Every structure is written in C-alpha cells, then in structure tokens.
Amino acid sequence: MSSPLELLCELIQRRSLTPDDAGCCQLIADRLGAIGFEHEWMNHNGVTNLWSRRSCGQPNAPLLVFAGHTDVVPAGDEAAWDSDPFVPSIREGTLYGRGAADMKSGLSAMTVALERLQAAGESLHFDIALLLTSDEEGPCRDGTRHVAQILRSRGIRPDFVIVGEATAERTVGDRYIVGRRGSLGCNLLVHGIQGHVAYPHRARNPIHQIMPALAELCATHWDDGNADFPPTSFQVANFHSGTGASNVIPGDARIVFNFRYAPCSRAEDLQQRVEDCLHRHGVEFTADWWHSGTPYHTPPDLLTQAIEAAIGQVLDRRPQAFTGGGTSDGRFLAPLGAQVVELGPVSASIHKHNEHIALEALDVLCNLYIACLREVSLRLDTRAG
C-alpha cells in the first residue's frame, strides 16, 4: 500500500467519534516528530488539540498551517453500510470507512506530503505547522476556536492556512474553497395556551400563531449575495409541537432555523428582521440565538495563486474558486489575518453510509499538497527577490 493509504487505514480504524480523538493525533504526532516537528498539546474540556510546528531556521519567517480534524460523525445504522464503517475496506479501487473523505484522507495526505518533502531534502523558506482537533464535528467551542485564541494571545499570526476538508465536487482539484458564509441559528419557543380542540377560545394555538410568520420568513429575499458569495439562505431545520393526542391544542411550539449568510448581510440585522416579523404577526416567543461563524473570504493572492498553479501542474486543469457549502474551522483562523483556503477530496459521500475515497484520489491529493508547498515557497522567494 502507498504511504497515505496505509496511514488513512490506521486512522479509520480509530473510532474517533466527536469529541474522542481515539489516538489519531498521537499517531500523526509520532510521524511528524520523526521529521523535526515540535508538539504542543492544547487540550481543553475533553477535546484533543495538537499544535505541531517545524521552523525553517530563518528569523521572522512566514508561517503556513495545515489544519484539520480527527473527529468523525457517527456511522448511523451500521447495517446500512456494505462493510464495517470502522474497518477499512477496499473494493474496486475505492476505500470505504467513516472518515475516508471527511477528513482523515486530508490528514493522511498532508502528513505524507511533509514526509516526502523531508525525504527529498527540500528546503522551504517558511515555517510549517499542523493544527489538529477532535472538535470540528461537534460544538466547535474547545477545538480550533480555542487554539486560535491562544495563538492570538501569543501574537502568532499564520500567513497561510490550508484546510484539508472535502471540497471537490466530482474529482479532486475541480474546485477549492476560498470563503465560507456565516452561520446564524435560533431555537425559537412559541408560547401558547394548551386546551381542548373543541374549545379554541379557551386556548391559544402556538402553531396557528407561528405559521403566517414562518411562511413570510421562508419567502423572504434576504439579499442578493455578491460576486463571490451566493445569496443568504434561511432554512427551518426542526419543528416540534403537540402532545401526540388528536384533541389537545398544544401549549408551545419549538422551531429551529438557520441562516447561512453572505458578507453583504450582518447577523444582527438578520436577527432583528426575524424578530420584527414575529412581533408584527403577534407571536409570543422566546428566541435563543447562536452565532457560530462570521463570513470570511480570501481574495486572489499568493496562496490562491499557489493552489491554482499546483492543480495546473498535477492535474492540468483550472479549478473553480468556491464559497458554498457549510462551515469549517477556517472561520476561526481567517480572523487571525491568514489567507485561508480549503482543498481536499470529493465531498459527495461525507456524513453518509458507505463514505469513501478513490485510491487514486488519495495519491493525487498528496501530490497536490506537495506542489502547493513548493509553489508557496517559490512565490515567497520571488517576492523577497
């Protein structure tokens, strides 16, 4: 087996369900330590966080960070898998297992890319760090967010960040991510008065209260997006009410909804528009808002140029710069001032049964990371000259 495949199989075998790292970080740390990386563990509230850095030996050198997560989502009904999700299985040129795409393949390719550059004796004129966490699929409070706060307090500002999330649409390198929308969510409790369905005048139906307002919110055009981002979207994720009986007006209704918003909107404005709508429709409610990330965008610059050049060399194609999809830990690193991109395997099978990656894609991803590092170094040398 190739080195990235061997490492990926070892990682998949570790049942690292959020926030349990299950020894994944230590496995990678052992390999990085052998090629000169120094480790600092920044574990917090049961979450494993590894900050591993190697200096190029030059004072005030730029810093490039590979970032990723070792935790995975649950496998769900394991009977729906064609093989054990935590026993790597290769069938017809494809590796199956939980984390194969999201994102243990990215971690494997990053690690082996660094090993291969070291073995080749190549000198890169920047420091390299790996930031690994076991809290990306969970609440995201004690992982990269926590490490970023520590880095900020120490005055450590990465110049470049490559996140190994699954970003490709159909084949590795067809697109990479240069930004993410913000995420704003709400747990909405609508207050009613429980009663008998035959005596509605003695009750207040929270479903009847919320439905006109909810219909308006679902039909609202929030913004037009911009040249780099699609328009803001509003989606209801959960709606629960009732006792289960057919003759009882419920006493409350609980709705969960989420905005994925473009930079042309602000979280506080979206929140105010929602609450204004609810008040206008006479809804009695309590809103518990949470804001899990602001939008960020990396415009064309040294890192995007390096990524596109690397993809051109390895795959002879020009990738799409993309800003769609969900959130990632890039949202915690961009505010440090870094250019942040995400480049990884195909995302089609992530969080699904029979998650997988093509074997050839794993080697391609490793070669892409090697080419990216070389291109960053080349461009830094050119600027310095």
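Visitor: What should I know before I start?

Guide: The model is predicted, so local features need pLDDT of at least 70 and side-chain atom pairs count only at pLDDT 80 or more, while totals for chains, interfaces and linings use all residues. Residues are numbered from 1 along each chain as its sequence is written, and side-chain values use heavy atoms, with hydrogens and water left out. Helices (H or I, at least four residues) and strands (E, at least two) are DSSP runs, numbered from the N terminus.

Visitor: How do I read a helix, say H5, and what span should its 14 residues have?

Guide: The expected span of a helix is 1.5 Å times one less than its number of residues. For H5, residues 206–219, that gives 20 Å, and the end C-alpha atoms are 20 Å apart, which agrees.

Visitor: Where is the kink in H5 centred?

Guide: The bend at a residue is the angle between axes fitted to the seven residues ending there and the seven starting there. In H5 the kink is about 25 degrees and is centred on Pro-212.

Visitor: And which residues of H5 are buried?

Guide: Buried means under 20% relative accessible area, exposed over 50%, and partly exposed in between (1.4 Å probe, protein chains only). An α-helix has 3.6 residues a turn, so residues three or four places apart point the same way. In H5 the buried residues are Pro-206, Gln-209, Ile-210, Ala-213, Leu-214 and Leu-217. Contact means heavy atoms within 4.5 Å. The buried residues of H5 pack against strands E10 (182–191), E12 (233–241) and E14 (252–261), and against helix H6 (267–280).

Visitor: What happens at the start of H5?

Guide: A polar contact is a pair of N or O atoms within 3.5 Å; within protein, one must be able to donate a hydrogen and the other to accept it, and residues adjacent in sequence count only if both atoms are side-chain atoms. Here, a side-chain oxygen of Asn-205 comes within 2.9 Å of the backbone nitrogen of Ile-207.

Visitor: Now the sheets. In what order do the four strands stand?

Guide: Strands of a sheet pair through backbone hydrogen bonds, either parallel or antiparallel. Two strands pair if DSSP finds at least two bridges between them. The order in this open sheet is E12-E14-E10-E15, with antiparallel pairing. E12 and strand E15 (285–293) are at the edges with a single partner strand each, so one side of each has no neighbour in the sheet. The twist averages 15 degrees from one strand to the next.

Visitor: How many bridges join E10 and E14?

Guide: Ten, in the antiparallel sense. Gly-182 has Tyr-261 of E14 as its bridge partner, and Cys-186 has Phe-257 of E14. E12 and E14 pair over eight bridges, also antiparallel, with Phe-234 partnered by Phe-259 of E14.

Visitor: At what angle does H6 run to E15?

Guide: Axes are lines fitted to C-alpha atoms, for helices over the stretch in contact, and angles run from 0 to 180 degrees between N-to-C directions. H6 lies across E10, E14 and E15, at about 160 degrees to E15.

Visitor: What about the sheet with three strands?

Guide: That open sheet has the order E4-E5-E19 and antiparallel pairing. Strand E4 (89–91) and strand E19 (356–358) are its edges, each with a single partner strand, so one side of each lacks a neighbour in the sheet. Three bridges join strand E5 (residues 94–96) to E19, and Tyr-96 has His-356 of E19 as its bridge partner. Helix H1 (residues 3–13) packs on this sheet, touching E4, E5 and E19, with its direction at about 20 degrees to that of E5. Helix H9 (residues 359–384) also touches E4, E5 and E19, at about 75 degrees to E19.

Visitor: Where is Ile-35?

Guide: Ile-35 is in the loop between helix H2 (24–33) and strand E1 (38–41). At 12% relative accessibility, Ile-35 counts as buried.
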